[in-house]
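Welcome! Take a look at the sequence and the model, and then read on.

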Amino acid sequence: MNNKLLLLAFATCVGSGTAVAHDIADKKAGDDKVGMEVELNPVVVTGNGHHQLLKSTTTPVHVLSQKLIKEAGVTDFQDALTRLMPQVSFAPNAMGSYIRVNGLGNKYVLVLVNGKKIIGDIAGNVDLNRIDMSRVKRIEVLDGAASALYGSDAIGGVINIITDQSFDKLVNVSSDTRLSGKGQFSQGVNIDLSAGILSSHTSYFHQEADSYQNNGFTLNDKTGEAEATIAPLFIGYNSNLVSQRFDLKPTKALSFYAQGSYSYKLTDRPDTRSDVQGGSDYDMRSESMRWEAGTRYQLGRHALQFDFVNDNYHYGNLYQVETSKYKIGDFLRNKTQKYYEAELKGIFRFYDAATTIFGADWRNDFLKASSGDVDNNVYTWAGYVQHDMEILRNLSATVGVRYTHHGAFGHNFTPKVSLMYAPGNFRFRAAYSRGFRAPGLDELYYHYFKIMGKRPVITFGNKNLNPERSHYVSLNAEYSNHIFSLSVMGYMNFVKDMVVKENIAVDDDVRNMLAQEFPEATADQLNLLKTYGHYINSSKGVVKGLQVNATVNLTHDLSLMANYAYTNGRSKSGGEWTVLERTFKNSATAAVNYAHTWGNYKLNVNLNGRFQSRTYYPAYEDAPGYGLVNINTTHTFDFNRWFTLMPSIGVDNILGKTDHRIDTSTRRYALYSPGRMLVVGLKINFKD
């Protein structure tokens, strides 16, 4: 780490970053007479499945541009979303982070890269280290059900990461480095080469962090007394991601691409010790290989495109402590996932102010889990159509439907209808969409037994589960001009047959049954078991919410932003309503941004914060609310047209807020920050 500090020492002078709800258009020093404008009109693709201006889409989409993310001074995916979007939260655990959008968790949120699903599910967490933040062009977040375009899993929302490859320069090389406390370090390097019809795009992205605690105690389940533990609140890790893409454009109308990536991640958990609890005999190791290829043919105003994806992911235990069964360095693979997808899509503009999409999609999911005793796969094939049109002046509509045949659950239709009335500076939108989620292979077939620490964890799948279906409705009103913008949206998401894990109490009869099901379990281990899990369908779930987003430009250099989200999520099972676990009712993000240019030097200063009410843990103590405030500064030195240097310095969690409660090993927290941390960074860009 000393070498990294030396590398970045000179970056600790001055600088700035920006985090506002909508991108603020850059102006050169001589453009002061034009004034600052709120750029409410970026190009988006996630809402209606084709590129269109944000103000023209009938489906509301939240956009985090590359400029926003860069000025906010973050190189971590979850930092970018939590600082800028109050309806999104993350909870680090095991190998990934549990993501929640508008009250609904991982399995209801579809994460895409360039419109294609990424896999990497570990214990209900998404391995977000597979996302190369140094390549992100923008992040688009679509609230609510979107199965008409995206199929299964898109009940709670869609997060689509759009990557950026430079084609306009012969050579484009960039390096982006960030260093902060607790060993948090990231490094991204990109090399883009373009020569006529062929271009090459190479990327390397590294992240690492140390494990840490906010207190060194845990509560004993039996006595309720505090006991010393070395179990971390946040588990450290080391990850690497390498990707290579080639683009070929032999004619103006025809293009091809091929891309491959490899990722590797290893946790850094404390080793088992005889004098204190909380250690582990092994670290978790994951690897992935992903291949993509596709082509696009532009037929005047129409386009045809074909894409194929093969994603492979596995993880397991890399032993760091010798046990009775394993030696140091032994690797035990726990889960292997494979995903195949092929999609043919046509985008047609038969007449002005209208776009029609026809698509056919085939997918095949494979899961092999030794601890869950699963080795199975399931396929889906689907066809969909969507039509965007201008009905009357200022009145637009989108209608679409997807037909899906699922290998385990048969046929399903998911329609979508949305309207937008746009007089002058106003936008009024109304939308209805249906969501569909097929239970995962783990929820269907798990016969799971594993020792976590000293305690056994047992989970049974359920082959009789019904697929989950949802009905999502939303109303949105927006006003914007060159100084001020305000957007208000209300929504309701009704989910039927939610798949939940029911915890069943263990008595002597149950222990005897479990001993027969899992002969590898010892009597002492089963005696520690209080409950075991079994997947069931609850009767229904309801999420109601409100979102408010506002920005204002006080001067050419100074802007303000405020975002608020109210979320009320509940599920009903056995006739009783329960608040959805890990949900919070009120959250807000805010930022003050100053940006000014003097000649070849630009200063950005950003003060931003996230404020969140208590997080619900039904039947347990709720996690208290919190407020985090960060400041970041970045200096941009444009030495000439081909070389840019951007050092930065800031402080995360200025007020030093932490959660020091003593909790049980289940880790029921909402705030995972270790406290106040200095952050320094350096970005270098070379173009020719």
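This is a predicted model: local features need pLDDT of at least 70, side-chain atom pairs count only at pLDDT 80 or more; totals for chains, interfaces and linings use all residues.

Phe306, Phe308, Leu344, Trp362, Tyr379 and Trp381 together make a nonpolar surface patch of about 560 Å². Two strands, β20 and β23 (374-392), each supply at least two residues of this patch.

Is Trp381 buried, exposed or partly exposed? Its relative accessible area is 41%. Buried would require under 20% and exposed over 50%, so Trp381 counts as partly exposed.

## Salt bridges across the chain

Next come the charged side chains. Side chains of opposite charge can pair when their charged atoms come close. How many salt bridges does the structure hold? There are 26 salt bridges in the structure.

One of them joins Lys117 and Asp153, with an N to O distance of 3.3 Å. This pair links distant parts of the chain, 36 residues apart: Lys117 belongs to strand β7 (residues 116-117), while Asp153 sits in the loop between α4 (147-150) and β11 (157-163). Lys117 and Asp153 are both buried.

Another salt bridge connects Asp311 with Arg130, whose closest N and O atoms are 2.7 Å apart.

## A buried pair and a network

Glu287 and Arg285 also meet through their side chains in a salt bridge, at 3.6 Å from N to O. Both Glu287 and Arg285 are buried.

Which residues are linked with Lys116 in a network of salt bridges? The network brings Lys116 together with Glu341, Glu343, Asp361, Arg363 and Arg402.

## An open sheet of four strands

Finally, have a look at a sheet. Four strands form an open sheet in the order β27-β28-β32-β31, and their pairing is mixed. At the edges are β27 (447-452) and β31 (499-505), each of which pairs on one side only. From one strand to the next, the twist averages 25 degrees.

Strand β31 pairs with strand β32 (residues 531-537) in the antiparallel sense, over seven bridges. To find your place there, look for Val499, which stands opposite Asn537 in β32.

Technical notes:
Residues are numbered from 1 along each chain as its sequence is written. Side-chain values use heavy atoms; hydrogens and water are left out. A salt bridge is a side-chain nitrogen of Lys or Arg within 4 Å of a carboxyl oxygen of Asp or Glu. Buried means under 20% relative accessible area, exposed over 50%, partly exposed in between (1.4 Å probe, protein chains only). Two strands pair if DSSP finds at least two bridges between them. Axes are lines fitted to C-alpha atoms, for helices over the stretch in contact, and angles run from 0 to 180 degrees between N-to-C directions. Patches are made of residues with over 30% relative accessible area and no salt bridge: like charges are joined within 9 Å, nonpolar side chains (Val, Leu, Ile, Met, Phe, Trp, Tyr) within 5 Å. Accessible areas come from the Shrake-Rupley method with a 1.4 Å probe; for residues, only the protein chains shown count as cover.
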